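Visitor: Please take one part of this model and go through it closely. I would like the surroundings of a single helix residue, and then whatever connects to it.

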Amino acid sequence: MSAAGVPSGTTQGYAPPTVSQFSVFLANKVGKLYDLVDLFDHSPCQVCALSVHEATDHAVVRLITNRASVARSLLREQRLAFGEMDVLVVELSRGHTLSSLCLSLLGAELNIHFAYPLMLRPNGTPTIALAVDDPTLAGQILRRKEFRLFGEADLICE
């Protein structure tokens, strides 16, 4: 314990809430995206964010759901090729803008690999998914700057 009665190492031991993002690889053919999102329409798992990156012969669909374990099972059952990684979901609100978020991460020399908005607003405010070099450090920095970070339990789609 420190002299102030706070456990030492608390900041260093902080793990921010993260959300699983799935990168699904699809043939670039008419109807493939529909097939993917329709799969989730008929499950207890809802798509909360979606981003499509197209190439000539394939597409990569990044998606976030409110139940990663269910999404993982659905993708495996359908034998879809996919990758999974943790991303941060950050609320943007008064005083916590996209530019101030970028500036906060820039100050720590953290790179944002990609970002995209969520289709829901847990508190009625915009939210953004971020893939960064070091999610733990980025989460610590953003929390110090009083940004609100969401975990999977916060992603309630209505």
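Guide: A helix here is a DSSP run of H or I, at least four residues long, and helices are numbered from the N terminus. Take helix α3, residues 68-77, which holds L75. Bear in mind that this is a predicted model. Mean pLDDT for the chain is 88, with 91% of its residues at 70 or more. Residues 1-11 are another matter: pLDDT stays under 50 there. For that stretch the model has six contacts beyond four places in sequence.

Now to L75 itself. Its relative accessible area is 0%, so L75 is buried. Leaving out residues up to four places away in sequence, L75 touches F22, V24, L36, F40, L80 and F82. Consider V24 among these. In sequence, L75 and V24 are 51 residues apart. In space, their C-alpha atoms are 8.3 Å apart.

The aromatic pairs number two. F22 and F82 make up an edge-to-face pair. Their ring centres are 5.8 Å apart, with 65° between the planes. F22 belongs to strand β1 (residues 19-27) and F82 to strand β4 (residues 81-91), so this pair ties together parts 60 residues apart in sequence. F82 has 23%, so F82 counts as partly exposed. The cut-off matters here, because buried means under 20%.

The rings of F114 and Y116 also pair: their centres lie 6.3 Å apart and their planes meet at 15°, so this pair is stacked. The limit for stacking is planes under 30 degrees apart. Both F114 and Y116 are buried. F114 has a further partner. R62 lies over the face of the F114 ring, 3.5 Å from the ring centre.

One more helix deserves a look: α5, residues 135-144. Its N-terminal end is capped by D134. A side-chain oxygen of D134 lies 3.2 Å from the backbone nitrogen of T136. Within α5, the buried residues are A138, G139, Q140, I141 and L142. Just after the helix comes E146, with a positive phi of about 65°.

Definitions and conventions:
Residues numbered from 1 in each chain as written. Predicted model: local features only at pLDDT ≥ 70, side-chain atom pairs only at ≥ 80, totals over all residues. Heavy atoms only, no water. Buried < 20%, exposed > 50% of the residue type's maximum accessible area, 1.4 Å probe, protein only. Helix = DSSP H or I, 4+ residues; strand = E, 2+ residues; numbered from the N terminus. Polar contact = N/O pair within 3.5 Å; in protein donor to acceptor, adjacent residues only side chain to side chain. Phe/Tyr/Trp six-rings, centres within 6.5 Å; stacked < 30°, edge-to-face > 60°. Lys NZ or Arg CZ within 6 Å of the ring centre and 35° of its normal. pLDDT = per-residue confidence, 0-100. Contact = heavy atoms within 4.5 Å.
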